[in-house]
Amino acid sequence: MDSIKNNFRLDLIKCLSNTRLQSYKDLDEHFKNLKLISKLSPKIGILEITLRNYLNDILAKKFNNDDWLLDYENESIKEQINKLYKSKKRTPTKDELLSNLTLGTIIKIIEDEKIEKYIFSDLDLKRFDKNNKKYYFLNNKKTKISLIDKNRALLKLFLILRNRASHFENLLKLRNNKISNISYKLNQNYYISIDPVNLERFLDDLINDFNEDLISRVKLCF
């Protein structure tokens with residue numbers, strides 16, 4: 001058994017797994033990706049916290065109820081309430097519930113309440129990838145991307161980035177069609193993407209759109 005353990009420890013590929021490394025050009029790119037994730041993580045955290053609290057603020061006012069989340073009709077939320085109830089032996093507070101919801105559930109609530117247009121300002125998608133356009137073609141008709149569609153895409157991109165980073169997946173990878181691995185398909189012919197070199201800019205712009213002071217504060221993390 002000791003020899004098996006020692007052989008594993010001496011084999012760098014086994015430590016990281018060959019399957020994982022297949023998505024990288026080489027071992028150096030793997031560690032470059034980890035370094036990028038470490039730089040993005042504080043900003044991902046700040047943006048997710050801010051998004052949760054902003055959603056809470058909007059819907060507390062909309063429903064005129066500070067505890068709106070405890071009464072909200074959503075199966076995922078009900079499941080989380082039951083889970084927290086079993087662990088705490090009491091009904092969770094709204095803040096406990098808010099902090100335990102997945103980011104996917106938070107975005108689903110935003111979509112269900114149709115408040116996407118209130119989340120971000122009219123940000124310039126070209127700042128994130130030069131191939132992003134202001135228009136797309138639908139039934140051979142040139143159509144401008146609405147603020148709702150743009151913000152829905154930004155939320156989906158943030159969710160994809162957050163999940164891939166939290167699982168230490170390759171953020172530098174491009175697909176066979178040269179589209180970034182962090183991309184959202186708006187319709188059959190149009191993707192909105194984040195070029196890997198602009199991932200930090202993407203997070204900075206979204207955070208800055210909420211509060212400029214957050215960016216200067218988060219820089220203290222480095």
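Along the sequence, the protein chain runs α-α-α-α-α-α-α-β-β-α-β-β-α-α. That comes to ten helices and four strands, where helices (H or I, at least four residues) and strands (E, at least two) are DSSP runs, numbered from the N terminus. This is a predicted model, in which local features need pLDDT of at least 70 and side-chain atom pairs count only at pLDDT 80 or more, while totals for chains, interfaces and linings use all residues. Residues are numbered from 1 along each chain as its sequence is written, and side-chain values use heavy atoms, with hydrogens and water left out.

**Whole chain.** Start with the C-alpha trace: its atoms fill a box of roughly 65 × 55 × 40 Å along the principal axes. Of the 222 residues, 41% count as buried; buried means under 20% relative accessible area, exposed over 50%, and partly exposed in between (1.4 Å probe, protein chains only). Among contacts (heavy atoms within 4.5 Å) with a separation of 6 or more, 65% are between residues 24 or more positions apart.

**The core.** Next select Ile109, Leu161, Leu171 and Phe202, the residues with the most contacts inside the largest nonpolar core, which has 54 residues. Such a core is a set of buried Ala, Val, Leu, Ile, Met, Phe, Trp, Tyr and Cys residues joined through side-chain atoms within 4.5 Å. At least two core residues come from each of α4 (27-63), α5 (75-88), α6 (94-100), α7, α8, β3 (183-187), β4 (190-193) and α9. Colour α4 separately: the largest share, ten residues, is from this helix. Then centre on Leu161. Apart from neighbours within four places in sequence, Leu161 touches Leu40, Ile44, Leu171, Ile182, Leu199, Phe202 and Leu203.

**Salt bridges.** Now show the charged side chains. A search of the whole structure gives 17 salt bridges, each a side-chain nitrogen of Lys or Arg within 4 Å of a carboxyl oxygen of Asp or Glu.

- Select Glu111 and Lys156, whose side chains meet in a salt bridge at 3.3 Å, N to O. Because Glu111 is in helix α7 (residues 103-112) and Lys156 in helix α8 (residues 147-166), the pair ties together parts 45 residues apart in sequence. Glu111 is buried at 19% relative accessible area, and Lys156 is partly exposed at 24%.
- Move to Lys150 and Asp122, a salt bridge with its closest N and O atoms 2.5 Å apart. Lys150 is in helix α8 and Asp122 in the loop between α7 and β1 (135-138), 28 residues apart. Lys150 is buried, at 10% relative accessibility; Asp122 is exposed, at 56%.
- Select Arg127 and Asp205, which form a salt bridge at 2.6 Å, N to O. Arg127 sits in the loop between α7 and β1 and Asp205 in helix α9 (residues 199-210), so this pair joins parts 78 residues apart in sequence. Arg127 is partly exposed at 34%, whereas Asp205 is buried at 16%.
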